[in-house]
Amino acid sequence: MKSVTLKSILSATTVSLTLDKSVADALALMEKKGISSIVIVRDDCPVGIFTEHDALRVVAEKMDTVMGLSEMMTHEPLCVEETMPLHDAYALMDDKEYRHLVVIDESGRFKGVVTEGDFLRHLGLEYLTKSKIVADTMTNAPLIVELKMALTQAATLMKNHQCDYALVLDGACPIGMVTERDIVHRCAQGGDNLGDEIVEDLCHRDIHFIQKGAELHYAISMMEQHGVHQLVVVEGEDTFSGVISRHDILHAIHGAYFEHLIRVIDHKSLEIAKIKKDKKELLKLEKELREGQNKWEKQTNFLRALLDNIPDLVFSKDTNGAYMACNAIFERFFGAKESEIVGKTDFDFVDAPLAQFFRDNDEETLRLGKPRINEELLVFADGSYEGTFEVAKTPMYDSMGNVYGLLGISRDISERKRKDEEIAKLQALAQIGTWEWNIQNDRFSGSHEAYRIFDLEEGTPLGLNDLLNRFVPEDRERVRNRLTNYALIESQMGSLYRIQTTTEIRWIKTHTEFYFDEAHRPIKAIGILEDVTQRVRYEEQLELLANYDPLTGLANRILFASHLHSAIEKAKRHNTQISLLMFDLDRFKDINDSFGHSAGDELLQQVAQRLESRLREGDIISRLGGDEFAVLLDYLPRPEDAGRIAKEMIEALSTPYKLIGGAVVHVGMSVGIVLFPDHGENESELLQHADAALYKAKGEGRGIYRYYSDELTDLARRRIECETQLRRAIAHHEFEVYYQPQVHIATGRIVGAEALIRWNDPLRGLVSPVEFIPLAEETGLIGAIGEWVLNETCRQGKVWLDQGHRLTLAVNLSAHQVRHQNIPKMVEAALKKTGYSAEKLELEITESALMQREEETVAMLHILRAMGIRLAIDDFGTGYSSLSYLKRFPIDVLKIDKSFVDDLPFEADDMAIVTAIIAMGQALGFQILAEGTERIEQIDFLREKGCTMYQGYFKSRPVPAAEFEKLL
């Protein structure tokens, strides 16, 4: 190319319009200037471009040209900086399939537009087209339109087919052509009656023909001579073959100059060697050389033009380091003309250390006798540019095979280096490295992150055995087999391994792909490796947390239930008996309240150690939660053996415990015992019956054990009957959810409702929750009923939400649910099933339920809070929790129990309690809701003290959903 960057081919004047201009303004300016596009700017910065192709849409869709440019322009045009090299700029435009590049300076200001015509005029590579003919480049199937076709239809076809012209045929003979520019000019002159015009009105018939076999450079000359962008291609006298356009020509010759460069350089090298070979022979050929002087002058000029348009630094030196030739950009590097450079060395232009560096690299290339590549930081003499260049040097040989110099090409790789550095940073951030193994010479190489993962200095030479030594012995042979044997049968593989560094063992995940020669022999492998040490450790921790109690290290309830299930299946197969012992510490809460939670945790750890020391090999012990433990005796010869073991454990656990703080505490233990298959058929029944036996032991005096007896079996049967009735109620949809409004005191607006279950028994009618909820708690069906209430409330809430009612619906959780159900999983499933919003769901838990298993409950509440669920303490003030514990729970709402509200504002004690609760809740950032409000005096008192909401008969009793909607 004639210049290095876009800046050199830009016009001194720029044409642009602002956003407030109309399409008509743009069309008029395009006609006046004879240009194919208008750039739209804001504060001198391009924000759009309006091209002749955009004008097609105006005609095709019969748009009014008075419309603003912003409605018709192409937004976010392809913008490039004026410093971009011409070749890179055209490659970008060709890749994006654009026909205009908007050129900007480094501050983003508009500098001009470069079109295909600009590139064609400045390529300077006409010689590359001499070997090509029109037939190689033309378009065989151009867009054809008829003379009588409506101009708007023709414009539509040109727009849809991305064509800047359309050909008019008379039979098979081309008679005219209509172009984008014709339509733009017609539009600019006044487009009011364009809808009535046809192609014949605008078609120009002075088309130009060219033979199919003509050389491509002749086509370029014809276009320049006649000032056209298209030529009609014919074969013979009048056989129409196609159309060749300026775009076709430019696309055909793009990139050809690189290939031609190598051929010319090789040719010149051979000619130079030939000239130096025999001076006597050259004298004999003097006459022939004079005759061929013109030919050589042309070739020299061609070579000079070619070299000067290469964006890379090209030079040649003799074996002594003296320059023999260079191109124009290399002249910029030294700040001198080629005539001033030839015959001199690097020491004449750069400082001695840098010159010696260049010289050392030259000598190494000549010594090796083969091409060599290295990177160099080059600073242009005038300070205009500084960057990293990849320098390729190759020896030049004469016809006798003697080295007489070297050829060098320096390519700017600064941008590539920057991207490589970004990739390296991303690899380091993701802890992912890349590597390559040359199987033929057994050499490994890798990225910076790959060497870091293997704890090796970057660039360390590595063979297969060197790499294998980095793996732990247990994985080493597996890696070797996979790299050597798998390469013979598989192209890809991946696995997880461990490597040993100087400080730790790391886990790495690899993926490898093999490459093969024609004989299917592996020649190379490339791959990625990821440091997954933290992930593996995290997964191990998750597994530990999922299956083991973090305080005692014992199996948790989930793992214990799994072991119990397996033991039951084994006992069924072998017809053996197993026993389940459930332990509960007596008065453990007193220890917590007296000495604090840390002392309670220490006591639980010591209890776990004593229990473990008394177990047989193969027995399983678990901390079910709180101060409750369970032991599974996998094989039990006689039923009474379970009681004997329980007695021994009670005695072992009754001896004093000495805590770290010096305190000595005594704690007893009660035990419930069940046997399989006598007392249950599955793990759920065994756990439930063991809990009943434990309850009986604690009720009979504590410090004792009790088997699940016939009396408890009768109770279980009664529970099963009750359970059947309740299950029937669930199956037959006998339950209904009532809703009691929750009112914002300050505004009087209903902001939510509490969901309350009612049982419509077909025989007894409406059954109060007071009658069946305790029964559900005893039978364990409260879990299924509570889950049904949650799902039904979320379903109804989604209906109201879709109707525009932004209500928060509160659902009660029983102590049994908190103790035995996975509440977060159940809530997540209900929300997903119904589509109800998490932040509009509130869960109510009583103080007593919160304090039963405090640590587990706190963890559960935090999970629910993270999901966006609101949390409330129900019946606040009636439980036994210490107010100091309150700040540990992630609570949103405190619900003052009805018993404190009933006598407001007449009972002094209740007034003081309610005032204290409200003040405390406000200090902790809670909302306060008063339950059981029935009179206006209560509301006034609560409003005065700062209570947030109220709920009670004053607004409404609990009512069905249909009646509740009437209150909204």
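**Salt bridges in the predicted model.** The whole structure holds 39 salt bridges (a side-chain nitrogen of Lys or Arg within 4 Å of a carboxyl oxygen of Asp or Glu). The model is predicted: local features need pLDDT of at least 70 and side-chain atom pairs count only at pLDDT 80 or more, while totals for chains, interfaces and linings use all residues. Residues are numbered from 1 along each chain as its sequence is written, and side-chain values use heavy atoms, with hydrogens and water left out.

**View 1. The salt bridge of Asp312 and Arg411 (2.8 Å, N to O).** Asp312 lies in the loop between α15 (293–308) and β14 (313–318), and Arg411, 99 residues apart from it, in strand β18 (residues 403–412). Helices (H or I, at least four residues) and strands (E, at least two) are DSSP runs, numbered from the N terminus. Asp312 is buried at 6% relative accessibility, and Arg411 is partly exposed at 38% (buried, under 20% relative accessible area; exposed, over 50%; partly exposed, in between; 1.4 Å probe, protein chains only).

**View 2. The salt bridge of Asp475 and Arg478.** The closest N and O atoms are 3.6 Å apart. Both residues belong to helix α22 (residues 473–484); they are three residues apart, so about one helical turn separates them. Asp475 is buried at 5%, whereas Arg478 is partly exposed at 31%.

View 3. Ser36 is buried, with a relative accessible area of 15%. The side chains of Ser36 and His100 form a polar contact of 2.8 Å (a pair of N or O atoms within 3.5 Å; within protein, one must be able to donate a hydrogen and the other to accept it, and residues adjacent in sequence count only if both atoms are side-chain atoms).
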